[in-house]
Amino acid sequence: MFDFIRRPFGYEPILTKEDLKKPKEKKGERPNNWKDVLLRIWRLVDEQRALLITVLVLVALSSGLSILGPYLVGHIVDEYIVAGRFDGFGRMVIILIAVYAGLSVAMYLQSFWMIGISQRAVFKMRTGLFSHFQRLPVKFFDRRQHGELMSRMTNDIENVSQTLNNSFIQVFSSILTLVGTLAVMISLSPLLTVLTMTIVPLMFAAVRWVTKRTGRLYKAQQRAVGEMNGMIEESISGQRIVKAFSQEDRVMEEFTEKSERLRRTGFWALTYAGFIPKVMNFLNNGAFAVVAGIGGILALTGDGLVTIGTIVIFTEYARQFTRPLNDLANQFNTVLSAIAGAERVFAIMDEEPERDDATGQSDTILKGDVEFRNVAFGYGEGDYTVEGVSFRVRPGEAAAFVGATGAGKTTVMQLLARFYDPNEGQILIDGIPITELPRKTLRSQTAFVLQDPFLFEASVMENIRYGRLDASDEEVISAAKEANAHDFIMKLEDGYETILSADGGEISQGQKQLLSIARALVADPVLLLLDEATSSIDTVTEMKIQEALERLMEGRTSFIIAHRLNTVRKADMIFVMQDGRLAESGRQQDLIGSGGLYDQMLKGAEL
Ligand SMILES: Nc1ncnc2c1ncn2[C@@H]1O[C@H](COP(=O)(O)OP(=O)(O)OP(=O)(O)O)[C@@H](O)[C@H]1O
Ligand SMILES: [Mg+2]
């Protein structure tokens, strides 16, 4: 359609099939169990019941007033204007003004209070979800994409908020207005009601015809925006790669295509959307003409069935009738998709949190005697990632884990930190199974220096303090000195107050490691788990790290996943992992020259 308008100017592009292709119904657009979800949402709102009832009363009041308004106008027309009566006319007009003023106030208050209700409910939902995130096991996050979880936290919850805000009032007021208007219309004139009712479906159908198309075009436009944004983000964050591989032209081409699609869909979406008020207007005027015409004839033939006032009332009601009908139809999809979003949020809230059924004392001070007894563990259902792992490390000893990539070294550490629980076997610290130690007790005495240290968007000071939140500035600085990090920190723009970005882009890989060693030093743990970074670092930094590590390991039971010979040499015990099993273990002097795996590794100087 509209090609004939477009063609003479020849510049507005036709939508392609691709533009309008129906997006595959995304999983979860429709709720599976909307009753349960509604019940749970209700429970969130329930404690504000008094306010909610007030809102409902106001909705009823405003629906009543919006029906009363036109009725009064009709009354004024019949009783005063047509009848030519003056006394009391002014009073009626004042009442009429009061009705419309009351209507405005009621509408304002109901939406004001409803916003409060929905924001509070959504606040509860959001904090509930976030605090649940904190209690979920690492396993849960392994299975999800971060973006997806983010979208639960933001989009889905925002959707619920919007819907609570708008739909709740709209659905109620639409129903009330429809029923009320119809009742008054029938009582005034069944004949005119029937007449109006024949026009209403027509209006409704016409409006639906347009909105359905705009709806589809809006969706197409949104999709185009989404695709374009995704691409912009990708090309900005991957900008170095784009340049490095000289992909600028290809990226530009792809962008132009996406941008062009946005232009096409945007143009038609706005064009169709612009129709709605015009169509409504036309049909309203049409309804007005029909009601006025036929009503007028009826009034003129004068058997008293229809008065001029009634005609006035009906023309107004005919207009009032289409809006709630349309609102209801539009709300349907919004409400469904919000319920589906809420369902996804609740599904996460129902995920089982990390259980802490430990019976041990929470103030247990660990000595750091660690034993693995025939431990087996798999991330998923299938095969075990590590199996048959048994060893003992005594307090204060340093144990080095070596082995090929993917051998299961990090996995063993994660089991020790209780990020996961073994499927078989037992892990004991000081003879206590770690499942009996409260997680807090275990973790507050353990420090984990990760393979790829994570920094928060905060100052250097705060990033180091993360190891122990009550550490004083002096303690942080002295830890940084011990970690050989002080010098480079002082060279940063604002020293310890320099704000780091989340990806730590402003400091080097080696400096990041020094910071995370300082973080571990501040924590002053009994157990130290250290996953040495695989990336190679210049010799000077390397030496600094080695030195810092030695200080850090002193007097603690340390587990070091080593990729560098120097680190391994400092260890008391060496464990060689191969395909998830401990292939070899022993003291340095026993393994060297034994011709075993470690010996071969030393010769190849590759860990
Ligand atoms: N979160 C996870 N979910 C599923 N599988 C995992 C997960 N983490 C590791 N794995 C798998 O477990 C195996 C052992 O991984 P692990 O990280 O323990 O190896 P690694 O010895 O530390 O290797 P590297 O020296 O490269 O760090 C690998 O095959 C890996 O794919
Ligand atoms: Mg690893």
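**Entry 1**

I began with Gln48, which is buried, with a relative accessible area of 9%. I should say at once that I am reading a predicted model. Gln48 sits in the loop between helix H3 (34–46) and helix H4 (49–82). What does Gln48 touch, leaving aside its neighbours within four places in sequence? I found Gly116, Ile117, Arg120 and Ala121 in contact with Gln48.

Then I turned to Glu47, which is also in the loop between H3 and H4. Is Glu47 buried or exposed? Glu47 has a relative accessibility of 61%, so I noted this residue as exposed, the cut-off for that being over 50%. For Gln48 the call is buried because 9% is under 20%. I also checked the span from Glu47 to Asp590: the two are 543 residues apart in sequence, and their C-alpha atoms are 69 Å apart in space.

I looked up the confidence next. The mean pLDDT of the protein is 84, and 95% of the residues reach 70 or more. Which elements mark the two ends of the range? Helix H1 (residues 3–9) has the lowest mean pLDDT among the elements, at 52, while strand E1 (residues 370–377) has the highest, at 94. A reminder to myself: where pLDDT is low, the predicted coordinates should not be read in detail.

**Entry 1: positive phi**

Arg418 has a phi near 60°, a positive value in a residue other than glycine. Where is Arg418? Arg418 is in the loop between helix H12 (409–416) and strand E4 (424–429). With a relative accessible area of 3%, Arg418 is buried.

Asn484 is another entry for this list, with a positive phi near 60°. I placed Asn484 in the loop between helix H15 (473–482) and helix H16 (486–491). Its relative accessibility is 18%, so Asn484 counts as buried, the limit being under 20%.

**Entry 2: the nonpolar cores**

The largest nonpolar core has 46 residues, and Ile464, Ile489, Leu515 and Leu552 have the most contacts inside it. Which element gives the largest share of this core? That is H17, with eight residues. Apart from this core lies another, of 32 residues, including Val370, Val526, Leu527 and Ile561.

Not counting residues up to four places away in sequence, Leu515 touches Leu455, Val460, Ile464, Phe488, Ile489, Leu500 and Ile507.

**Entry 3: the cavities**

How many cavities of 30 Å³ or more are there? I noted three. The largest cavity has a volume of about 70 Å³. Its lining is made of 13 residues, and Val449, Gln513, Leu530, Glu532 and Ala533 lie nearest the centre.

Helix H17 (509–523), strand E7 (527–531) and helix H18 (539–553) each supply at least two residues of that lining. H17 makes the largest share here, with three residues. By type, I wrote down seven nonpolar, three polar and three charged residues in the lining.

Definitions and conventions: Residues are numbered from 1 along each chain as its sequence is written. Chains are lettered from A and ligands numbered from 1 in the order in which they are written. This is a predicted model: local features need pLDDT of at least 70, side-chain atom pairs count only at pLDDT 80 or more; totals for chains, interfaces and linings use all residues. Side-chain values use heavy atoms; hydrogens and water are left out. pLDDT is the predictor's confidence in each residue, from 0 to 100. Helices (H or I, at least four residues) and strands (E, at least two) are DSSP runs, numbered from the N terminus. On a 1 Å grid over the protein atoms alone, a cavity is a set of points where a 1.4 Å probe fits but cannot get out, and a pocket is an open set with protein on both sides within 12 Å along at least five of seven lines; lining residues have an atom within 4 Å of a point. Grid points are joined across faces, edges and corners, and a volume is the space filled by probe spheres set on the points. Ala, Val, Leu, Ile, Met, Phe, Trp, Tyr, Cys and Pro count as nonpolar, Asp, Glu, Lys and Arg as charged, and the others, Gly among them, as polar. A nonpolar core is a set of buried Ala, Val, Leu, Ile, Met, Phe, Trp, Tyr and Cys residues joined through side-chain atoms within 4.5 Å. Buried means under 20% relative accessible area, exposed over 50%, partly exposed in between (1.4 Å probe, protein chains only). Contact means heavy atoms within 4.5 Å.
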